[in-house]
Amino acid sequence: MASKVVEISNVSKKFGKLSVLHDINLIVNEKDLMAIIGPNGGGKSTLIKIIMGILTPDTGEVKIFDREPKKSRKLMGYLPQHVAFDPDFPINVFDTVLSGRYHGLFKGYKKSDEKAVKKALKNVEIYKLRDRQINEISGGQMQRVFIARSIVREPKLLLMDEPMASIDPEMQNSFYKLLSRLNDKMTIILISHDVGAVSAHVDKIACLNRELFYHGSVEGSAKGLEEVYKCPLELISHGIPHRVLGKHEK
């Protein structure tokens, strides 16, 4: 039986009077590759922040590796949707990833840190770019740099918020192959609104729109996806853009 990495029980969260998450129950097992799917404003990023211990739920319980989220942070890596950085700042790829091993003010880096950076760069297949300035690489290469930085501490759980946002469509296939390789070593949860692309590459899906309508295998997700988006599955799968303003009229 697979061990539980994330266990969320009856979790709810409000911001003021706005209910963002309602009675969420979710289990993520070791070596799962799960996508959290849902419309903008559906609570996906809030759920990730609760898993990381950045936000505290109003009700319910969260266990990460059978501990409170804050006590498990060293076991987690995180790739945010938007990484704040100055592309003109004079720093190379190696040092950018090395910053992910930051130990605190006035505490330098060790040989073990440099070794971890080399390993991370090789894992994401950009070791040859290690001396390149970050303003000299492509958007897809830059995303791999940020992934390397998020895994440089060798986490057991990797959380990714819209990791495809900065990647050209033609590069997405190689990116998913990278995720598959990383998944051999760690559990991965990624947030995405691109249902068609994600469902072809992940093992499990959680359909979230303030409530959790479904979580489990991709094959069984059809009804949950329709409940989340309030649209026929054909529209969702073919990526026809639309705004969800309410339940569609028949």
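What pLDDT does the protein chain average, and what share of the residues score at least 70? The chain averages a pLDDT of 86, and 88% of the residues reach a score of at least 70; pLDDT is the predictor's confidence in each residue, on a scale from 0 to 100. The structure is a predicted model, in which local features need pLDDT of at least 70 and side-chain atom pairs count only at pLDDT 80 or more, while totals for chains, interfaces and linings use all residues. Residues are numbered from 1 along each chain as its sequence is written, and side-chain values use heavy atoms, with hydrogens and water left out. Over residues 238-250 the pLDDT is below 50. Beyond near neighbours in sequence, this stretch has ten contacts in the model, a contact being heavy atoms within 4.5 Å.

The secondary structure of the protein chain consists of eight helices and nine strands. These elements are DSSP runs numbered from the N terminus, with helices (H or I) of at least four residues and strands (E) of at least two. Of the 250 residues in the protein chain, 45% are buried. Buried denotes under 20% relative accessible area, exposed over 50%, and partly exposed the range in between, with a 1.4 Å probe and protein chains only. Among contacts with a separation of 6 or more, 63% join residues 24 or more positions apart.

The largest nonpolar core contains 47 residues, and Met160 and Leu179 have the most contacts inside it. Such a core is a set of buried Ala, Val, Leu, Ile, Met, Phe, Trp, Tyr and Cys residues joined through side-chain atoms within 4.5 Å. Helix α4 (residues 139-151) gives the most to this core, with six residues. Leu179 touches Met160, Met164, Ile188 and Leu190, residues up to four places away in sequence not being counted. A second, separate core of 25 residues includes Val5, Val20, Val28 and Ile64.

Helix α4 also holds Ile151, which counts as buried because its relative accessibility is 5%. Leaving aside neighbours within four places in sequence, Ile151 is in contact with Ala120, Asn123, Val124, Leu158, Leu182 and Met186. Ile151 and Leu182 are 31 residues apart in sequence, and their C-alpha atoms are 9.2 Å apart in space. In the loop between α4 and β6 (157-161) lies Glu154. The phi of Glu154 is near 55°, a positive value in a residue other than glycine. Glu154 counts as partly exposed because its relative accessibility is 47%.

Helix α1 (residues 44-52) is largely enclosed by the rest of the structure, because seven of its nine residues are buried. The buried residues are Lys44, Thr46, Leu47, Ile48, Ile50, Ile51 and Met52. Just after α1, Gly53 adopts a positive phi of about 85°.

Asp23 lies in strand β2 (residues 18-29) and has a phi near 50°, a positive value in a residue other than glycine. With a relative accessible area of 38%, Asp23 is partly exposed. Lys63 is found in strand β4 (residues 59-64) and is partly exposed at 24% relative accessibility. Lys63 touches Val5, Val6 and Glu7, not counting residues up to four places away in sequence. The C-alpha atoms of Lys63 and Ile8 are separated by 6.5 Å, although these residues are 55 residues apart along the chain.

The second largest pocket has a volume of about 240 Å³. On a 1 Å grid over the protein atoms alone, a pocket is an open set of points where a 1.4 Å probe fits, with protein on both sides within 12 Å along at least five of seven lines; lining residues have an atom within 4 Å of a point. Grid points are joined across faces, edges and corners, and the volume is the space filled by probe spheres set on the points. Of the 13 residues that line this pocket, Arg73, Met76, Gly77, Tyr78 and Arg153 are the closest to its centre. Strand β5 (76-79) and helix α4 each supply at least two lining residues, and the largest share, three residues, comes from β5. By class, the lining has six nonpolar, three polar and four charged residues. Here Ala, Val, Leu, Ile, Met, Phe, Trp, Tyr, Cys and Pro count as nonpolar, Asp, Glu, Lys and Arg as charged, and the others, Gly among them, as polar.
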